[in-house]
Amino acid sequence: MGCPKCKQLALNAEAAVKELNIVAEISKVTDIGKIIEYGVMMTPALAVDGAIVLSGKVLSKDEIKKFLVK
Amino acid sequence: MIKPIIDWLVYDILKMRQGAIFSEALDFFLYDTIKIFLLLAVIIFIVSFIRTFFSPERTRAILNNKHEFTGNVLAAFLGIVTPFCSCSAVPLFLGFIEAGVSLGATFSFLVSSPMINEVALVMLWGLFGWKVALIYIGSGLAIAIVSGIVIGRLKVEDLVERFDYKKQVCCVQLTDMTFNDRFVFSRGYTLALLKSIWIFVILGVGLGAWIHGYVPADFLARAAGRQNWFAVPLATLIGIPLYSNAAGVIPFVSALTEKGVAMGTALSFMMAVTALSLPEFIILRKAMKLKLLIIFASVVGIGIIFTGYLFNLILR
């Protein structure tokens with residue numbers, strides 16, 4: 001499960017965290033069992049603090065920032 | 001509308017000789033490419049806009065606990081409009097099963113979704129005309145529905161790979177999109193898709209134009225004409241490992257039909273390329289046992305071969 005879209009989303013998330021200067025642990029979940037537990041059917045998906053905020057779309061750095069600021 | 005402009009460009013501006021093979025091929029190439037790109041831009045935009053109203057979550061909710069037949073028919077139709085990418089075939093497949101959608105309906109979805117897609121439809125409409133495009137949609141739906149019912153009846157639920165997961169801890173909350181969101185999303189999607197397939201369109205149409213101009217008519221009539229009975233299964237088999245997208249294959253096939261390949265055989269080939277793809281099987285192996293994968297490929301393959309024979313009989 002290393003599709004280009006998923007990698008891009010992980011990179012964007014890292015960039016967003018860096019720009020916001022916050023301490024965050026980013027993990028890229030590739031385990032199918034875990035993905036299903038989260039209820040995700042379309043990769044890539046982004047979860048913040050354990051809750052899925054969006055699936056099926058590569059969010060841009062700025063879009064991710066909005067979720068992190070909330 | 002576009003044709004006179006292209007003719008003017010090729011014959012008046014570039015001063016190409018009318019009737020010469022090269023200028024005819026160039027004229028054919030330019031006309032087809034421009035026509036197809038215009039159609040692609042418009043149709044992909046419309047389809048992706050419609051898709052913003054559908055999500056795998058919503059489709060799953062509709063399909064849950066539906067009866068055989070109703071469930072299969074709905075799944076096949078929803079397969080057309082639900083966004084799908086073979087890279088998330090596994091979470092989608094397991095997500096459906098986990099939530100209680102029947103195996104048969106899940107397979108109907110899994111067949112129609114990659115087979116009936118906007119790119120294939122545009123290419124068929126632009127190069128073969130609306131009749132063939134409709135035949136493709138109709139038989140694609142029929143294959144998806146019947147394959148799903150057959151696999152459902154086989155009671156092979158035990159062949160789905162079991163994963164170690166707890167009951168879903170949370171669910172994806174989808175925020176409602178505004179009209180503006182949908183517009184921006186569809187525009188982005190259209191541009192991204194065009195960016196990823198334009199080269200295949202050009203190569204496919206280019207190869208098609210070359211065949212159109214340089215390969216003698218009826219060249220393939222003996223090998224792949226209607227009277228050759230094994231052309232259909234052979235075309236289906238060749239289509240499996242060929243994971244080219246519809247964008248590149250359809251213009252090529254369109255040119256071959258001019259050279260004697262029968263329409264049903266051409267349909268079988270295009271369906272095999274889109275619906276039976278080796279890379280997708282490799283991905284799906286994670287979610288189902290090899291036996292189920294073979295059943296899936298065989299049932300769909302037989303459906304495709306049947307369709308090929310049927311249209312070789314009724315289409316001239």
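Predicted model: local features only at pLDDT ≥ 70, side-chain atom pairs only at ≥ 80, totals over all residues.
Which residues in α4(B) meet which residues in α8(B)?

## Helices α4 and α8 of chain B

On the α4(B) side, the residues are Asn72(B), Val73(B), Ala76(B), Phe77(B) and Ile80(B). They meet Leu141(B), Ala144(B), Ile145(B), Gly148(B) and Ile149(B) in α8(B). By type, the residues of this contact between α4(B) and α8(B) are eight nonpolar, two polar and no charged.

Helix α4 of chain B covers residues 70–81, and helix α8 of chain B covers residues 130–153. Their axes come within 9 Å and cross at roughly 135°. Angles from 65 to 115 degrees count as roughly perpendicular and those over 145 as roughly antiparallel, so α4(B) is oblique to α8(B). The crossing of α4(B) and α8(B) is right-handed.

## Helices α7 and α9 of chain B

Helix α7 of chain B spans residues 118–128, while helix α9 of chain B spans residues 179–214. These two helices pack at an angle of about 55°, and their axes are 12 Å apart. Angles under 35 degrees count as roughly parallel, so with this angle α7(B) is oblique to α9(B). The crossing in which α7(B) passes α9(B) is right-handed.

From α7(B), the contact is made by Glu118(B), Val119(B) and Met123(B). The residues from α9(B) are Tyr189(B), Leu193(B), Ile197(B) and Val201(B). Sorted by type, the contact of α7(B) with α9(B) has six nonpolar residues, no polar and one charged.

Note on methods. Residues numbered from 1 in each chain as written. Chains lettered and ligands numbered in written order. Heavy atoms only, no water. Axes fitted to C-alpha atoms, helices over the stretch in contact; angles between N-to-C directions. Helix = DSSP H or I, 4+ residues; strand = E, 2+ residues; numbered from the N terminus. Left-handed = near helix turned anticlockwise from the far one by under 90°. Contact = heavy atoms within 4.5 Å. Nonpolar A, V, L, I, M, F, W, Y, C, P; charged D, E, K, R; others polar.
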